[in-house]
Amino acid sequence: MSPPPMKVVHFSPSGIRGTLDAPADCWMTSTSAPRANAWRCGVKHIIHDPCFSTSAQANYVICDADPTGDGRGLKATLAHPFPAPGPYSRDIQAWVMSLSDGSGCTFANGATGLFGGERLNYNCTSGWWIVGFPRIGSVWMVGLVKWGQSPQTQPVMMLVLEVWW
């Protein structure tokens, strides 16, 4: 039996569920969802990544939207105009993934760990971490490890069902 086709979703927030109580300082393209309208922003010393903009909303961004939920996020007024976007790849880098075991995995910003010389890039709701990036083809696969637990010598391979970027 062949695996189900993977679904790729180009995410855009569906609305606003609240407002952040301080202006957002967006200083670079998102590292979680690197594309032209996704930003890495600071609000009161807390980093929000990604925050989304559109040409229709030139004075604010929408942060902390959950693509696996209702898609609404928090509105943050911009403290300054956006910088020039980039660099980012036109290739899809998954921001959030849904796996065949039912877990969701989100790109981890900041420092993580290494397994076999590769960065642990995604933190999953199951407690597992994805090693590196997905193996992309007609079917996407990821290698999972439990960070800090030994003696795991090989990642457990898992099927990706849905990707948001």
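## The link between C105 and C124

Both C105 and C124 are buried, and a disulfide joins C105 to C124 with a sulfur-to-sulfur distance of 2.0 Å in this model, which is predicted. About the S-S bond the torsion is 105°, and the link of C105 and C124 is right-handed. This pair links distant parts of the chain, since C105 belongs to strand 9 (residues 104–107) while C124 belongs to strand 11 (residues 118–124), and the two cysteines are 19 residues apart.

## The link between C26 and C41

A disulfide also joins C26 to C41, and here the S to S distance is 2.0 Å. The two cysteines are 15 residues apart, with C26 in strand 3 (residues 25–29) and C41 in strand 4 (residues 38–43), and the pair links distant parts of the chain. Because the torsion about the S-S bond of C26 and C41 is about 100°, this disulfide is right-handed.

## The link between C51 and C63

C51 and C63 are buried, and they form a disulfide in which the sulfur atoms are 2.0 Å apart. C51 lies in strand 5 (residues 46–52) and C63 in strand 6 (residues 60–63), so the pair ties together parts that are twelve residues apart in sequence. The torsion about the S-S bond of C51 and C63 is about 110°, and therefore the disulfide is right-handed.

## The overall pattern

A disulfide is a covalent bond between the sulfur atoms of two cysteines. The structure holds three disulfides, and when the bonded cysteines are counted along the chain, the disulfides follow the pattern 1-2, 3-4, 5-6.

Methods. Residues numbered from 1 in each chain as written. Predicted model: local features only at pLDDT ≥ 70, side-chain atom pairs only at ≥ 80, totals over all residues. Heavy atoms only, no water. Disulfide = S-S within 2.5 Å. Helix = DSSP H or I, 4+ residues; strand = E, 2+ residues; numbered from the N terminus. Buried < 20%, exposed > 50% of the residue type's maximum accessible area, 1.4 Å probe, protein only.
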